[in-house]
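I opened this model to look up its fold, its surface and two residues. My notes are below the display.

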Amino acid sequence: MTLSEIVSTNIKRVCVDFDISTRDLASRVGTSSQKSIWNLLNEEHSPTLKTLEPVFRALMISPAAAMTPSIDTSLLVSRKLPRLIEKYARMSPTQRDKFEDVIDSILLD
């Protein structure tokens with residue numbers, strides 16, 4: 001699956017789960033073109049960051065989460081996930097190893 005496919009799939013899932021039409025999303029993004037939103041969701045063109053950023057803001061989606069395949073919709077709109085990613089990024093390699101060991105031990109139970 002390409003990055004464009006992952007992002008459009010995740011945006012579509014949020015729209016479906018929260019009953020947001022292409023018209024609603026276009027309005028939230030501040031564009032008069034429902035067709036532009038449709039093109040984005042149906043991968044008719046490769047969106048630029050300039051196109052994606054307002055969509056992410058309108059749907060309150062973390063950009064990092066939007067690029068994650070098979071992510072749960074609740075995580076896409078989670079306010080905690082971006083903070084967790086930032087904290088993880090600030091960890092030392094040793095801290096990351098320990099953290100990952102803890103996560104692995106929880107998931108194995």
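These entries go from the whole chain to single residues.

I am working with a predicted model, where local features need pLDDT of at least 70, side-chain atom pairs count only at pLDDT 80 or more, and totals for chains, interfaces and linings use all residues. Residues are numbered from 1 along each chain as its sequence is written, and side-chain values use heavy atoms, without hydrogens and water.

**Fold.** I found eight helices and zero strands; helices here are DSSP runs of H or I with at least four residues, and strands are E runs of at least two. I noted a C-alpha box of roughly 50 × 25 × 25 Å along the principal axes.

**Burial.** I read 28% of the 109 residues as buried. The classes are buried under 20% relative accessible area, exposed over 50%, and partly exposed in between (1.4 Å probe, protein chains only).

**Asn-39.** I located Asn-39 in helix H3 (residues 34–41). Asn-39 counts as buried because its relative accessibility is 15%. Beyond its neighbours within four places in sequence, Asn-39 contacts Glu-44 and His-45; contact means heavy atoms within 4.5 Å.

**Arg-83.** I placed Arg-83 in helix H7 (residues 80–90). Its relative accessible area is 47%, so Arg-83 is partly exposed.
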